[in-house]
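I opened my notebook to look up a few places in this structure. My entries follow, in the order I made them.

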Amino acid sequence: MHFVFMGVSGSGKTTVAEHVAERLELPFAEADVFHPEANIRKMSAGTPLTDEDRRPWLRELASWIGEHDALGETTVMACSALKREYRDLLREGAPDVHFLHMHGPAEVIWERIEARPDHFMPPALLRSQLETLERLDPDEAGQEFDVRADLETLNSGALLYVEDHIRPAVP
Ligand SMILES: Nc1ncnc2c1ncn2[C@@H]1O[C@H](COP(=O)(O)OP(=O)(O)OP(=O)(O)O)[C@@H](O)[C@H]1O
Ligand SMILES: O=C(O)[C@H](O)[C@@H](O)[C@H](O)[C@H](O)CO
């Protein structure tokens, strides 16, 4: 069982995912760390990534999930996973992937990005992320969380979701 916290840049996926991983002592991956240097350079320069830029990165993330799955481990990941086809790629790593979508109004997310120091993502890229975003389809396991809530509420809501859906690892 694997839990991917998804959403546009600045939606809070990393903050909430880290909280859940820490509380439940689960292996955690921040997808940004897996981006090749070229992708980081592109985003830092204000150019949105294309499907072609994202595919090899998503395959690496799927491999990370798959490696842990093979060990019977449950994992937590923070990854934008903006489109259905990106989530399909992640599910190729293991079938049981739940997506916790940090979702909310652009203005709220915009303010948080602008307030965040020392991050490579320029606020201007938020528009393209919002245009690219495809919300979860009804057949996708997961839940949407409203980012207008305070962090305490989001952290406990996400923790509850994961605890409700986690299954003991098969030995
Ligand atoms: N519900 C919230 N209330 C107040 N501040 C929040 C909330 N959620 C996140 N933040 C703050 O907003 C900023 C963005 O959060 P975070 O870095 O976790 O987003 P992200 O989706 O991982 O972004 P990116 O993909 O760009 O790394 C952080 O400074 C975080 O502390
Ligand atoms: O798919 C993408 O365009 C990227 O993953 C971005 O979402 C950034 O990496 C992230 O949001 C910045 O921290």
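**Entry 1: the ligand.** Before I start, one cut-off: I call a residue near a molecule if one of its heavy atoms lies within 4 Å of it. The model I am looking at is predicted. I counted 17 residues around ligand 1, and Ser9, Gly10, Lys13, Thr14 and Thr15 come nearest.

Next I looked up polar contacts to oxygen atoms of the ligand. Ser9 places a polar side-chain atom 2.7 Å from an oxygen atom of ligand 1. For Thr15, a polar side-chain atom lies 2.5 Å from an oxygen atom of ligand 1. With Gly10 I noted a backbone N or O atom instead, at 2.8 Å from an oxygen atom of ligand 1. How much of ligand 1 does the protein cover? I wrote down 79% of the 640 Å² of accessible area that the ligand has on its own.

**Entry 2: the pocket and its helices.** I checked where the ligand sits, and the space taken by ligand 1 is the largest pocket. Which helix gives the most to the shell around ligand 1? My note says α1, with 3 residues. Both α1 (13-24) and α7 (151-165) supply at least two residues each to that shell.

**Entry 3: Asn155.** I stayed with helix α7, where Asn155 has its place. Is Asn155 buried or exposed? Its relative accessible area is 14%, and the cut-off for buried is under 20%, so I put Asn155 down as buried. Leaving aside neighbours within four places in sequence, I found Asn155 in contact with Thr15, Val16, His19 and Val20. Thr15 was already in my notes as one of the residues that come nearest to ligand 1.

**Entry 4: Pro36.** I then turned to a loop, the one between β2 (28-30) and α2 (37-44), and found Pro36 there.

**Entry 5: helix α4.** My last stop was α4, residues 84-91. Which of its residues are buried? I listed Tyr86, Arg87, Leu89, Leu90 and Arg91. A reminder to myself: an α-helix has 3.6 residues a turn, so residues three or four places apart point the same way.

Key
Residues are numbered from 1 along each chain as its sequence is written. Chains are lettered from A and ligands numbered from 1 in the order in which they are written. This is a predicted model: local features need pLDDT of at least 70, side-chain atom pairs count only at pLDDT 80 or more; totals for chains, interfaces and linings use all residues. Side-chain values use heavy atoms; hydrogens and water are left out. Buried means under 20% relative accessible area, exposed over 50%, partly exposed in between (1.4 Å probe, protein chains only). Helices (H or I, at least four residues) and strands (E, at least two) are DSSP runs, numbered from the N terminus. A polar contact is a pair of N or O atoms within 3.5 Å; within protein, one must be able to donate a hydrogen and the other to accept it, and residues adjacent in sequence count only if both atoms are side-chain atoms. Accessible areas come from the Shrake-Rupley method with a 1.4 Å probe; for residues, only the protein chains shown count as cover. On a 1 Å grid over the protein atoms alone, a cavity is a set of points where a 1.4 Å probe fits but cannot get out, and a pocket is an open set with protein on both sides within 12 Å along at least five of seven lines; lining residues have an atom within 4 Å of a point. A molecule sits in a cavity or pocket if more than half of its atoms lie within 2 Å of its grid points. Contact means heavy atoms within 4.5 Å.
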